[in-house]
Amino acid sequence: MAAANGKEAISDGLHKYSIVNTSSVAAMRGTPAMCAYASSKAAILAMTVSTAKDLAPHGIRVNAISPALIGPGMMWTRQNDLHAQSGSPYFATDPDAVAKGKINGVPMKRLGSVEEVIKSVAFLLSDDSSYTTAFNLVVDGGMSGGLR
């Protein structure tokens, strides 16, 4: 889809374009009990790099954002419920204990906010990142510790 949209933008010539795909830290870490999710998010990272290389000669930048542990909210609560029910030895059986364990694994010891993710996407879309393409911006409070 990004390539198709990019081809339409190539003929424009008047505007600068930037695409930001949404991936996840799960793509880099291989989160237990989330094989399909982690795999699909890893595919987005590969698509981002390939598309960035295809569209860069046309002045179109393509990047990705990989958030983790964003909340509170419905997705945060649902993920903790599912992990607690998964039977995985990596997660407690109580959703509140799962949540506490995840937050304890974040160096900043807190959840990220939706607003922090939005600001990161805004940076990638802005001219402030005009020489940035094929990049994955990780928004995870330091949890992934430099994994790329």
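**Questions on a predicted chain**

Colleague: What is the relative accessible area of Glu116?

Modeller: Glu116 is partly exposed in this structure, which is a predicted model. A residue counts as buried under 20% and as exposed over 50%, with partly exposed in between. Glu116 falls in that middle class because its relative accessible area is 28%.

Colleague: With which residue does Glu116 form a salt bridge?

Modeller: Side chains of opposite charge can pair when their charged atoms come close. A search of the whole structure finds one salt bridge. In the pair that includes Glu116, the closest N and O atoms are 2.7 Å apart, and the partner counts as partly exposed, at 36% relative accessibility. That partner is Arg110.

Colleague: In what pattern do helices and strands follow one another along the chain?

Modeller: The chain holds six helices and three strands. Read along the sequence, they give the pattern α-β-α-α-β-α-α-α-β.

Colleague: What share of the contacts with a separation of 6 or more joins residues 24 or more positions apart?

Modeller: The chain has 148 residues, and buried ones make up 38% of them. Its accessible surface comes to about 8,700 Å², with 59% belonging to carbon and sulfur atoms. Among contacts with a separation of 6 or more, the share from residues 24 or more positions apart is 68%.

Colleague: Which residues touch the most other members of the largest nonpolar core?

Modeller: The largest nonpolar core has 13 residues. Apart from it lies another core, of six residues, among them Val20, Ile65, Leu137 and Val139. In the largest core, the residues that touch the most other members are Val25, Met28, Leu45, Leu69, Trp76 and Met143.

Colleague: How far apart are the end C-alpha atoms of H4?

Modeller: Helix H4 covers residues 74-85. At 1.5 Å a residue, its 12 residues should span 16 Å.

Colleague: Which residues of H4 are buried, and which are exposed on the face turned away from them?

Modeller: The buried residues of H4 are Trp76, Asn80, His83 and Ala84. Seen down the axis of H4, these buried residues fall within an arc of 100°, so they line one face of the helix. The face turned away from that buried side carries the exposed residues Met74, Met75 and Gln85.

Colleague: Against which helix do the buried residues of H5 pack?

Modeller: Helix H5 covers residues 95-104, and its buried residues are Val98, Ala99 and Lys102. Seen down the axis of H5, they lie within an arc of 100°, so they line one face of the helix. On the other side of H5, Asp96, Lys100 and Asn104 are exposed. The buried residues of H5 pack against H4.

Colleague: Leaving aside neighbours within four places in sequence, with which residues is Asn80 in contact?

Modeller: Asn80 lies in helix H4, whose buried residues pack against H5. Asn80 counts as buried because its relative accessible area is 3%, below the limit of 20%. Apart from neighbours within four places in sequence, Asn80 is in contact with Pro95, Val98, Ala99 and Lys102.

Colleague: What distance separates the C-alpha atoms of Thr51 and Thr133?

Modeller: Thr51 is found in helix H3, which covers residues 35-55. Thr51 is buried, with a relative accessible area of 7%. Thr51 and Thr133 are 82 residues apart along the chain, and their C-alpha atoms are separated by 9.7 Å.

How values were computed. Residues are numbered from 1 along each chain as its sequence is written. This is a predicted model: local features need pLDDT of at least 70, side-chain atom pairs count only at pLDDT 80 or more; totals for chains, interfaces and linings use all residues. Side-chain values use heavy atoms; hydrogens and water are left out. A nonpolar core is a set of buried Ala, Val, Leu, Ile, Met, Phe, Trp, Tyr and Cys residues joined through side-chain atoms within 4.5 Å. Buried means under 20% relative accessible area, exposed over 50%, partly exposed in between (1.4 Å probe, protein chains only). Helices (H or I, at least four residues) and strands (E, at least two) are DSSP runs, numbered from the N terminus. Contact means heavy atoms within 4.5 Å. A salt bridge is a side-chain nitrogen of Lys or Arg within 4 Å of a carboxyl oxygen of Asp or Glu. The arc is that of the directions from the helix axis to the C-beta atoms. Accessible areas come from the Shrake-Rupley method with a 1.4 Å probe; for residues, only the protein chains shown count as cover. The expected span of a helix is 1.5 Å times one less than its number of residues.
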